[in-house]
Structures are given as C-alpha cells and as structure tokens.
Amino acid sequence: MTFANSSHFSPLPLHSALSERYITSSASDLSYHILEAGAKGKPLILLVHGFPELAYSWRKCMPGLAEAGYYTVAVDQRGYGRTTGWDTSSFDDVDLATFSVTNLVRDMVVLVHALGYRQVDCIVGHDFGSVTASLCALTRPDFFHKVVLMSHPFKGSPGLPFNVSSRVESPPKSDIHHDLASLPNPRKHYKWYYSTRDANSEMAATEGLHEFLRGYFYLKSADWTGNKPRPLKAWTAEDLTQMPLYYIMPLESGMRESVKKELDNGVGKSQTWLSDAELDV
C-alpha cells in the first residue's frame, strides 16, 4: 500500500479535527481521496456520500463522531471528486461495467484493508451512498458489522424470474415512463433522466453550476417550504406527480430548468448552512 500525493488539487478548507490524503493499493486502480478524523486503532466508521456530493459533504459530522471515540473516514466514491483511476471516457464510450455494484462494494473493502482494518464497525450511506452501504452490509456482513442508511430506502437484494417453469402468463406491467410522459402535463423521473446524454452534458457544464447547485441543495433542504415529505399511495404516474419537480421533472426540461421553476426568494437561507466557499468545493 502506498500513499499518493495529488499535487494538482489544492488542499480543502477543513475543520482542524479533519485531515485529507490520497491512498492507493495494488488491489485497485483507484487513487482514493479520503477525509479522516479521530485516532487510528479506534473502531472504524466509513461514510459514503450521495449524488451530487463528495466526501466533503460529511465534514460537519466527522468531528463529533471522532469525539465519540471512532476513527471516521469519508471517501470520494468511484466517479466522484478527487478519487481518480476510474473510466473517464466519453458518455458513448465509458465502460459502465466498471461502475457495477459489486465494484462499488469491492472499492470499499479494498480501501478498508489499505487503511489497516479488517472490519468496519459501521458503514453510513447517504442518498446514492446508501446503495453502496446497503450492498456492502448485504454482501459482507462479516466485514461491515452495522449499517445506517440516510435518505434512500433499501428495497432488498435483486430478484430473479420466479416460478417461470409453470408458464403461467403474468399480467403485463405498466411502463411508468410511458405513463408519466402521457400525462396532461408530461413528466419524467429524475433517475432515468440522469442516465441520459443530455444530463451528462448538463451536469458537466461549469457555467452557472454554482447557482444551479445552490438552488438544488436549497430545494432539497428543510428551508424550502415546498418540501412536504409523506408516503405516496402507489407507484403510479398520478401519485408521483405529487413530488417536487427535481424528482418528477417536466418531460422537456433539464434539471437546471426544473430547479429554476421552483426556486423562491428563500434560497438565501442556504447560506447559513452552506457558504459559497464550501459550495465551490
């Protein structure tokens, strides 16, 4: 195991209790960028960020966890931030197999070994990081002893076609994307939008990115009065339209336009918990 210095990145603005470094291992092509707090040798908590986020997103949680007696590590996942070594090919040429869930789990196992640990006391995932965290716990319960999931449910392990030998025809399933697009005010689901070439171009454009992310994080916060979380009755197009536009988007709009449609004068409140300097990271 070696420790890599990534000279083309300037140091992050961090709390005095936090430090950052880059770690490589012969078991992986990645150079992991991590933040850490607390003393090595203490029980390990591994923090896994969501989208569009970074290890830096955990910066305000880490000092408290360290004070509670944990060695706390947050990592930029494959495809994010200052971690390098993943496939950076164009949208049309990238090998999506390198981003498989089994690879995401392996990334965490390799990192933990590189840190000198053989087990994780608790892995914590937020948003997309909950996918990684849940599958880590499911795949290696001997290695990841506890799991915390934030803002993303675990729907269980992937299923397979069941009892197909009887050849009983199942009723056709509705196509939620067709149903959303067929509404009087046509819509689309944000996760499927994010898998498109248009989304790739939109998220990679640096012009206006700061303002977009400021609005995006504000709309997802408790400061935006339009957020009224509640269970939906069913997975139908009509029920899904109760969700904000950043989840169930207008069919012909990108994410930046969808966010603009719901912004209000309260966006400035986000400065109290996300400064411009922090957002610039």
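**Exercise 1.** Arg82 forms a salt bridge with Glu20, with 3.9 Å between the closest N and O atoms. Work out which parts of the chain this pair ties together, and whether each partner is buried or exposed.

*Solution.* Bear in mind that we're working with a predicted model.
- Step 1: check the distance. The cut-off for a salt bridge is 4 Å between the side-chain nitrogen and the carboxyl oxygen, and this pair comes in at 3.9 Å.
- Step 2: Arg82 sits in the loop between strand 5 and helix 2 (101-114), while Glu20 belongs to strand 2 (residues 19-24), so the contact ties together parts that are 62 residues apart in sequence.
- Step 3: look at the cover. Arg82 has 14% relative accessibility and counts as buried; Glu20, at 22%, is partly exposed.

**Exercise 2.** Now take the salt bridge between Arg197 and Asp92 and find where its two ends lie.

*Solution.* 
- Step 1: the N to O distance is 2.3 Å.
- Step 2: Arg197 is in helix 6 (residues 197-204) and Asp92 is in the loop between strand 5 and helix 2, so this pair links parts 105 residues apart in sequence.
- Step 3: Arg197 is partly exposed at 45%, and Asp92 is exposed at 54%.

**Exercise 3.** Find how Glu257 and Lys261 are placed in helix 9 (residues 255-262).

*Solution.* 
- Step 1: the two are four residues apart in the helix, which puts about one helical turn between them.
- Step 2: they form a salt bridge, with the closest N and O atoms 3.7 Å apart.
- Step 3: both ends are partly exposed, Glu257 at 39% and Lys261 at 48%.

**Exercise 4.** Describe the surroundings of strand 5 (residues 71-75): how many of its residues are buried, and which strands pair with it?

*Solution.* 
- Step 1: five of the five residues are buried, so the strand is largely enclosed by the rest of the structure.
- Step 2: sort the side chains. Tyr71, Val73 and Val75 point one way, and Thr72 and Ala74 the other.
- Step 3: Strand 3 (residues 31-37) runs antiparallel to strand 5, joined by four bridges, whereas strand 4 (residues 44-48) pairs in the parallel sense over five bridges.
- Step 4: zoom in on Val75, which is the bridge partner of Ile34 and also of Val48.
- Step 5: strand 4, helix 1 (residues 62-67) and strand 5 make up a right-handed β-α-β unit.

Conventions: Residues are numbered from 1 along each chain as its sequence is written. This is a predicted model: local features need pLDDT of at least 70, side-chain atom pairs count only at pLDDT 80 or more; totals for chains, interfaces and linings use all residues. Side-chain values use heavy atoms; hydrogens and water are left out. Buried means under 20% relative accessible area, exposed over 50%, partly exposed in between (1.4 Å probe, protein chains only). Two strands pair if DSSP finds at least two bridges between them. A crossover is right-handed if, with the strands pointing away from the viewer, the path from the first strand over the helix to the second runs clockwise.
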